[in-house]
Amino acid sequence: MRVLMLGWEFPPRIAGGLGVACYGLVKGLAYHKVEVVFVMPLRTGEEPPDGYRLLGANEIPIPFPSASAAEFGEKVRFYGVATALGPYMEQIVGPTLEFSVPPPLPEATEGVLHLEFTGRYGPDLLGEVYRYAFAVSHLAERETFDIIHAHDWLTYLAGLWLKEKTGKPLVVHVHATEYDRSGENPNPTIRAIEQAGLEGADLVIAVSFYTRSVVVERYGIDPAKVWAVHNAVLPKDRAPVSRPPSSRKVVTFLGRVTFQKGPEYFVEAAALLVPRLPEVHFVMAGTGDLLRSVIHRVAQLRLGARFSFTGFLPPAEVERLFDLSDVYVMPSVSEPFGISALEALRAGVPVIISYQSGVAEVLPHALKVNFWDVEALADLIYGVLRYKGIRPFFIRHAQQELSQLQWERASAKVVEAYQSLLP
Amino acid sequence: MKHICLYFQVHQPFRLRIYRFFDIGVTHDYYHEVNNRALLQRIARKCYLPMNALLLRLIEKWGKERFSVTFGLTGTFLEQLQLYAPEVLESFQRLYATGAVELVAETYPHSLACLKSRTEFERQVRQHVELLRKLFGATPKVFRNTELVYYDELARWVHGLGFQAMLAEGADTLLGWRSPNYLYQSSEAPIGLLLRHYKLSDDIAFRFSDRSWSEWPLTAEKMANWIASLPAEETLVNLFMDYETFGEHQWAESGIFEFYEAWVELLLREGLALFVTPSWVLSQYKPVAALSAPMPLSWADTERDLTAWLGNELQTDAFETLYELEALVQKVEDPSIQRDWLRLQTSDHFYYMCTKFFADGDVHKYFNPYNSPYEAYITYMNILADFRQRLAQAP
């Protein structure tokens, strides 16, 4: 079986759980002898080689002039507009047309065009998404595959276009929805692309039952075609670093500092804890659009001396941070899965997660709290740091649960999903 | 003719309120007054009052020579009756006044103090005996430890307190090849042992409304027949269960009350059995053998050991931390400290921290105010921290 997999992130260049999950999944699929070609916007050349083929969309040769700007624009317009609901129409047409204009063509391309990508979540993200779809659609003639598997809205258009050209079944994999990222005010264009992808897919994989219900209820997708396949975690390839005995306790938040991750609840809990725990220190690792306001709030609460803001951390630094952490807190408002909780666990760190996270479904023994219940969150943190019963109890049980969460198992379910689509 | 010893355990803990770390040193109010009251009044309505009325009817109809029952009413339960449901206390008092009811002694707060301190254990037993004397004019001769926890050394202590018999679990590990349907004696002390027939007891207490059970529905005839067809020489049948079985664990709609009444009536009408008390058994039976239990047994779960209360790190840490305070408590006379010391020892607090909660939590979730064992543990530890501060500051 051969799968053309479309994704936006792959290690080492990752912004969050999406790339980590894609990496685990393709490794797991390799274990099941599934051939995967993973197409990302561009390769850095530092990706780990592991029994799959990686391809950058920037490497895809596009015949010129047959690939006309008109065709590109029409496609984008089709997917952007045809699925939009009435009130959103105007808003979608605008950016669609604006971003649909292909970049100026280099002079001497000798009939072959390569599009350029940053692979980042920059201001031209939508333009990049459309160009990615355009480039990837040309793989219809160049690659043979049985299944198209597209991860998150960024690649849905590419998947839909490829499906249209080849007639191959399309699986879309939902790691997050626009409702997770933006709450009740989804970006209408992204929302519309998600709707098109979910409707056009032959099968949808959601990373948790929680996300499955979002897909079914918010997007009106037939539940019969939506499977829940929980993420897993790769085994740790290094031993935890023993830390010098210290009375200082470190409470860690790791993730994008955005609405979805609930960073402000972490700060409010810290404010309750500081007067009672003189030895506690808080680390907020990650960046995002709420970072400035979070730092303001920390200053306002006069907690600056107890807080560290690290900015975005690459994977190796994340591991080091876990080694230093006494408890990991993930107060997500809406978390489709939350793979970093598994990474913390793997490093032997007790985790407190919100009930509003998919990972809660696979970690019965994790400490759980409603994200808005700051007092309960603070109390759990206090309990983990102060009372010696929790750590050994938690580690013993959670490690057992963690050992069940292998990518080989998760991938087996994905293979099963593929097989259900093949004759 | 069988002799059925029906024993009902009636207990309610003082459940704790949400008590955060920032409450430590600020408030000493530990109990969820609203929930405790509401829960007790609900159970009173669904179980205590209707079942007491049913028992009274049976006693009046058949007379105490043919129909008697035994109760274990814990100190915290009786305190809650006084606070929240005095009419239920009166109803128990009326039952006791018939002479057809025996009351057994136990630790006042339904604690596991025996595992930590003989002094504390004996103090609590005396407090419970005193309460039974005060409320009922009763002088218990038989002892029943919390959750039927039993072991050899305890038998010596209980004998030392002047009791003539103990109730215990008819656990396979204790009985081996023997049947629970005889009177036994401790190998350590001249004290009688009445052992629970766990299969027949649990048929009523746990399986009565279980539709996946091959014997469902359990009828009065079926139950009467099982008892009548026990070997002829096995005349004693000890059925011990939670009183809340009637109307709470098994809802009234399941037909539990009708079943119970019909079953008693059937056995008495047909002359197949008498319903007797432990003291009556002691006066009529001779122990057939001495049994030894080097390790503690209980009636809980399938393991019938202490793991429901002291099976994980949360529970053992909380338990150890609690009893570290014993020496301090004994130096303080403040009645509110003494009251809280008792209430915090109630075994339910440890039960709520049980790991089995995650796996087969049904029984463990019953009346459980917490979402997870962590919450139970942290709440308890926060309260202990406050309690410890109060002890340190007490004159």
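**Entry 1: confidence**

I started with pLDDT. Chain A has a mean of 86, and 87% of its residues reach 70 or more. Where pLDDT is low, the predicted coordinates should not be read in detail.

**Entry 2: domains of chain A**

I looked up the domain assignment next. In chain A, domain 1 covers 2-232 + 410-421, and domain 2 covers 249-404. Where the two meet, 21 residues of domain 1 are in contact with 14 residues of domain 2. I asked which elements of domain 1 give two or more residues to this side. They are H1, helix H7 (178-182) and helix H9 (209-219) of chain A. H7(A) gives the most, with four residues. By class, I noted 10 nonpolar, nine polar and two charged residues on the domain 1 side.

**Entry 3: domains of chain B**

Chain B is assigned domain 1 (2-291) and domain 2 (307-393). Their C-alpha centres lie 24 Å apart. Here 28 residues of domain 1 of chain B are in contact with 21 residues of domain 2 of chain B. The domain 1 side of that contact has 13 nonpolar, nine polar and six charged residues.

**Entry 4: the sheet in chain A**

I traced an open sheet of six strands in chain A. The order is E12-E11-E10-E13-E14-E15, with parallel pairing. Which strands stand at the edges? Strand E12 (307-311) and E15 of chain A do, each with a single partner strand, so one side of each has no neighbour in the sheet. The twist averages 20° from one strand to the next.

I then checked one pairing inside the sheet. Strand E10 (residues 249-254) and strand E13 (residues 327-330) of chain A run parallel and are joined by three bridges. Phe253(A) has Val329(A) as its bridge partner in E13(A). Helix H12 (residues 315-324) of chain A lies across E10 and strand E11 (280-285) of chain A. H12(A) runs at about 145° to E10(A).

**Entry 5: chain A against chain B**

How many residues does each chain bring to the contact? Chain A brings 17 residues and chain B brings 14 residues. On the chain A side, strand E15 (367-369), helix H14 (374-386) and helix H15 (390-404) each give two or more residues. H14(A) gives the most, with five residues. The chain A side divides into nine nonpolar, three polar and five charged residues.

**Entry 6: backbone exceptions**

Most residues other than glycine have a negative phi, and most peptide bonds are trans. I went looking for exceptions.

Two cis peptide bonds went into the notebook. One joins Pro11(A) and Pro12(A), with omega about 5°. Pro12(A) is in the loop between strand E1 (2-6) and helix H1 (17-31) of chain A. The other runs from Trp216(B) to Pro217(B), with omega near -5°. Pro217(B) is in the loop between helix H7 (198-205) and helix H8 (220-228) of chain B.

Two arginines have a positive phi. For Arg302(A) phi is near 60°. This residue is in the loop between helix H11 (291-300) and E12 of chain A. For Arg304(B) phi is about 50°. That residue is in the loop between strand E12 (290-291) and helix H11 (307-310) of chain B.

Is each arginine buried or exposed? Arg302(A) has 10 C-beta neighbours inside 10 Å, so I put it down as exposed. Arg304(B) has 21 other C-beta atoms within 10 Å, so I put it down as buried.

**Entry 7: Glu408(A)**

I finished with one residue. Glu408(A) is in helix H16 (residues 407-421) of chain A. With 14 C-beta neighbours inside 10 Å, Glu408(A) counts as partly exposed. What does Glu408(A) touch, not counting residues up to four places away in sequence? Its contacts are Gly28(A) and Tyr31(A). I also took one distance: Glu408(A) and Ala347(A) are 61 residues apart in sequence and 20 Å apart in space, C-alpha to C-alpha.

Methods. Residues numbered from 1 in each chain as written. Chains lettered and ligands numbered in written order. Predicted model: local features only at pLDDT ≥ 70, side-chain atom pairs only at ≥ 80, totals over all residues. Contact = placed C-beta atoms within 7 Å. Nonpolar A, V, L, I, M, F, W, Y, C, P; charged D, E, K, R; others polar. Pairing = 2+ DSSP bridges. Axes fitted to C-alpha atoms, helices over the stretch in contact; angles between N-to-C directions. pLDDT = per-residue confidence, 0-100. Domains from an automatic or database assignment. Buried ≥ 20, exposed ≤ 12 C-beta atoms within 10 Å, placed from the backbone.
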